[in-house]
Amino acid sequence: MEVLVPKLPSFKISSPICRCSINTHRSSFNGLRFRRLSSVCASIVNEEVAKPSSGTSLGHSTRPDFPILHQEVNGSKLVYLDNAATSQKPINVLKTLQHYYEAYNSNVHRGIHFLSAKATDEYELARKKVAAFVNASDSREIIFTRNATEAINLVSYSWGLSNLKPEDEIILTVAEHHSAIVPWQLVAQSVGAVLKFVDLSQDETPDIDKLKEMISRKTKLIVVHHVSNVLASVLPIEEIAHWAHDVGAKVLVDACQSVPHMVVDVQSLNVDFLVASSHKMCGPTGIGFLYGKSDILSTMPPFLGGGEMISDVYLDHSTYADPPSRFVNSFFH
Ligand SMILES: Cc1ncc(COP(=O)(O)O)c(C=O)c1O
């Protein structure tokens, strides 16, 4: 039987080492076409280990914040390194969740009592915080979803189905997460659009020159990672957005692996859509977000109906043989 051996990236560091703090500032990335985040992480770790400000390493100083790490496995302290898959939760996140259930658990945007008003205020405050975190110009540009996968599906089914037609092209790289590929395969199949994949170059990062060459008037969307979960490549999003907009195409950025590690500024990147996920950035599992430019979001049809759309309920009574007005009044108000 033939055994397929996956080709693993070599992780050689070809770009200059970046000396930066854990909150890598945007300017540290200016001028770099693309690079591997591993080099950034390596420099962060080296700096922390070489010059610990408080006499301890970053790992030692943050470990107490994570209750899950306060256990032994097979007689040794638990060490967790799978943060790209999901991060562990610090005590403040756990306490905030517990406080919500103990103090004001109730329906958001769907109740008129004290608890519901409090939950709604906190929910909208969180939206403002996320907007500020990625520098969106308006908190209405942040849509909460279950995760990044749902955020991408929202764009593919809502924007994709109503904007793509046969022969339109969507450009992706082969290094995208399957959550950023499969929704576009499904939508492309249903509208007759074509997916074009950018391969890796010699250094095993997506070939950005090829990507640029592939862009044409047929291109309607470019779907790219900011930082890859498999290669750790960091793509030049600002440039890609510029090329896309030159031909009237949109850009969707999968920022799942960048938002937890570096400053992401949606306005300076000038992207149309950007998605990220809370569970990869020390937040709770079960929530992610889509950033979308407001002029694009306002043209998109709803992806899911119900939930918080209570004020948008519209019933055309003429479609009912026996108009259920009494139910309309009691159920929807
Ligand atoms: C780059 C990237 N995109 C998308 C996803 C999917 O994220 P979620 O679990 O929030 O749907 C992941 C998760 O591993 C990821 O690493």
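Here is a quick tour of a sheet and a ligand site in a predicted model.

Residues are numbered from 1 along each chain as its sequence is written, and side-chain values use heavy atoms, with hydrogens and water left out. Since this is a predicted model, local features need pLDDT of at least 70 and side-chain atom pairs count only at pLDDT 80 or more, while totals for chains, interfaces and linings use all residues.

**The sheet.** Seven strands make an open, mixed sheet, in the order S4-S11-S10-S9-S7-S5-S6. Strands here are DSSP runs of E of at least two residues, and helices are runs of H or I of at least four, numbered from the N terminus; two strands pair if DSSP finds at least two bridges between them. S4 (142–145) and S6 (194–198) sit at the edges with a single partner strand each, so one side of each has no neighbour in the sheet. At one end, S4 pairs with S11 (residues 288–292) in the antiparallel sense over four bridges, and Ile143 has Leu290 in S11 as its bridge partner.

**The ligand.** Its surroundings (residues with a heavy atom within 4 Å) include Asn147, Ala148, His177, Asp254 and Lys280. The shell splits into two nonpolar, eight polar and two charged residues.

| Residue | Distance to a ligand oxygen atom |
|---|---|
| Thr149 | 2.4 Å |
| Ser277 | 2.4 Å |
| His279 | 2.9 Å |

Taken alone the ligand exposes 400 Å², and the protein buries 89% of that (Shrake-Rupley areas, 1.4 Å probe).

Note on methods: Polar contact = N/O pair within 3.5 Å; in protein donor to acceptor, adjacent residues only side chain to side chain. Nonpolar A, V, L, I, M, F, W, Y, C, P; charged D, E, K, R; others polar.
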